[in-house]
Amino acid sequence: MPDEIFFLCMLHNIGAISPEKSLTIDEITRWTAMEPEKARLNIRKLIETNYIQANINAGVERYHVTADGIRKVLSMYS
Amino acid sequence: MKICMLTWEFPPRIVGGIARHCLGLAKALVKDNHDVHVFTLDFPGVPLYEEVEGVRVHHMRVELGHPSFTTWTFLFNHFMEKQVAMLSRDVDFDVIHIHDWLTTPVGVASKHYLNKPLVSTVHSTEIGRAQGLHSPDSFLIDGLEWWMAYEAKRVIVVSNSMRWELQNHFHVPQEKIDVIPNAVDMTKYQKEIDRESVRRRYGVAPHEKLVLFIGRLVPQKGVEYLIWAAPAIVQRCPEAKFVITGDGWSKSYLEGLAASTRYGDKIRFVGFVSDSDLVDLTMSADVLVVPSVYEPFGIVALEGMVAGVPVVAGNVGGLAEIIEHDRTGVLVHPRNPDSIAWGVNRVLSDPGYSQWLTKNAKKQIQETYSWEAVAKRTTQVYEKACMR
């Protein structure tokens with residue numbers, strides 16, 4: 001499984017699946033035990049494929065899995 | 001009867017056949033005057049409670065998470081259990097029905113604290129999907145599949161080959177198992193479409209032959225064998241164009257494989273396609289290929305047959321039970337690109353033969369694979385489960 005897809009699955013499983021449940025880079029790296037730079041790289045790739053969406057909340061960038069991203073995750077697990 | 005149906009997959013949260021199965025079955029049960037509550041996971045844009053043609057659907061939020069898939073599965077089972085418990089104060093369920101291992105914990109727990117019979121539908125097994133047990137998670141899933149069959153009063157499987165699997169791998173007694181095939185919603189295919197316009201959307205010109213694959217891009221679906229068959233198909237039928245829908249963890253490998261053939265430009269990976277678009281695309285195809293190496297049922301084959309498209313399928317599992325070779329479809333040797341190429345070329349080269357196959361297939365589907373028939377047989381299973 002490509003690195004960014006594994007990362008996407010982790011984001012899904014930790015619950016970042018809606019704007020209300022979006023997470024900052026810090027929160028994501030704490031949950032996934034991933035280096036921030038690696039997390040940022042994966043996030044960039046996933047935003048390009050529309051599997052992740054970024055939103056700004058109180059000046060802080062937060063990320064969540066989109067509907068397309070959820071479908072991608074589900075297709076990995078079945 | 002008041003039915004509590006538990007499934008991780010329900011539209012619009014569609015992965016494979018389970019979502020379509022649960023929707024089709026639930027709607028048909030409601031038409032038979034049963035009260036059906038489906039508990040499933042939430043999805044963006046969908047309300048937490050909705051009624052879909054009389055089916056009461058509870059989309060459930062998972063309030064805690066964990067990066068590990070199996071841990072997350074147990075977490076969502078807990079939240080589902082909580083929701084079932086809360087609703088059961090108002091609804092006295094007669095039976096609990098779970099689908100596949102993902103809802104085993106909530107199903108088993110609900111069975112015991114509600115003191116109601118459990119019915120389990122095993123759509124496929126881990127040992128079949130993964131062609132063996134290769135990791136701790138695989139062994140856990142295998143254990144959960146055994147457990148769901150053990151705790152159930154009745155076990156439903158969708159084909160005789162699945163029944164054989166349960167008897168041989170999990171030693172489930174034959175008398176506990178009911179074989180009820182899947183069905184297909186035929187009304188979806190009773191429409192007129194602009195075939196050329198649909199094909200154009202997927203890069204298929206009017207003169208080209210659309211060779212369609214629908215399904216998850218995982219090894220059990222055998223897509224790599226279709227790709228290996230592509231050169232032999234194109235040599236015989238230069239107008240052949242392959243459209244591969246769906247997603248899965250093998251996608252990158254398959255895209256690389258397609259690119260490595262001389263016909264990479266004739267093989268298009270179009271990703272996830274919505275249900276309604278999938279109906280149009282299926283109806284526009286010249287042949288539907290189901291090259292599975294493991295297939296407990298093969299609902300997509302039914303969909304091809306009812307759409308009036310000739311089906312070429314691997315001679316495995318449920319596919320071998322649905323399709324009568326050379327009468328309602330073409331069965332080919334699994335894992336065999338030459339055989340797949342033979343089957344596809346047979347169909348593409350003889351329009352009269354294709355038409356004859358599709359006419360026979362449609363008749364068979366209408367007689368055997370309706371959701372009404374499946375719902376009646378499932379109700380009989382529920383009644384058996386409810387007997388003391």
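L212(B) touches V243(B), L281(B), T282(B), A285(B), V287(B), L288(B) and V289(B), leaving aside residues up to four places away in sequence. Here, two residues touch, or are in contact, if their C-beta atoms, placed from the backbone, lie within 7 Å. A word on the source: this is a predicted model, where local features need pLDDT of at least 70 and side-chain atom pairs count only at pLDDT 80 or more, while totals for chains, interfaces and linings use all residues. Residues are numbered from 1 along each chain as its sequence is written, and chains are lettered from A in the order in which they are written.

**The core around L212(B)**

The largest nonpolar core has 144 residues, and those touching the most other members are L212(B), V287(B), V289(B), A301(B), V311(B), V312(B) and V344(B). Helix α8 (residues 223–236) of chain B supplies the largest share of this core, 9 residues. Domain 1 (2–183 + 370–386) and domain 2 (186–368) of chain B both contribute residues, so the core lies between them. A nonpolar core is a set of buried Ala, Val, Leu, Ile, Met, Phe, Trp, Tyr and Cys residues joined through C-beta atoms within 7 Å. A residue counts as buried if 20 or more other C-beta atoms lie within 10 Å of its own.

**The strands**

Now let us look at some strands (DSSP runs of E, at least two residues, numbered from the N terminus). In strand β12 (residues 287–290) of chain B, V287(B) and V289(B) on one side and L288(B) and V290(B) on the other are all buried, which leaves both faces covered. In β13(B), V311(B) and A313(B) point one way, V312(B) and G314(B) point the other way, and all are buried.

The table shows how these strands pair (at least two DSSP bridges between them).

| Strands | Bridges | Sense |
|---|---|---|
| β9(B) (residues 209–213) and β12(B) | 2 bridges | parallel |
| β12(B) and β13(B) (residues 311–314) | 3 bridges | parallel |
| β13(B) and β14(B) (residues 330–332) | 3 bridges | parallel |

V211(B) stands opposite V287(B) in β12(B), and L288(B) stands opposite V311(B) in β13(B). From β13(B), the chain crosses through helix α12 (residues 317–322) of chain B to β14(B) in a right-handed β-α-β crossover. Another right-handed β-α-β unit is made by β12(B), helix α11 (residues 299–306) of chain B and β13(B). Right-handed means that, with the strands pointing away from the viewer, the path from the first strand over the helix to the second runs clockwise.

**Two helices**

Helices are DSSP runs of H or I, at least four residues. Helix α13 (residues 337–348) of chain B has 12 residues and reaches 16 Å from first C-alpha to last, close to the 16 Å expected at 1.5 Å a residue. The expected span is 1.5 Å times one less than the number of residues. Of its 12 residues, 9 are buried, so α13(B) is largely enclosed by the rest of the structure. Among the buried ones are I340(B), V344(B) and L348(B).

Which residues of α2(B) are buried? They are W72(B), T73(B), F76(B), N77(B), M80(B), E81(B) and V84(B). Their cover includes α1 (3–13) of chain A.

**Two domains**

The bounds of the two domains of chain B come from an automatic or database domain assignment. Their centres, taken over C-alpha atoms, are 29 Å apart. In contact are 17 residues of domain 1 and 11 residues of domain 2.
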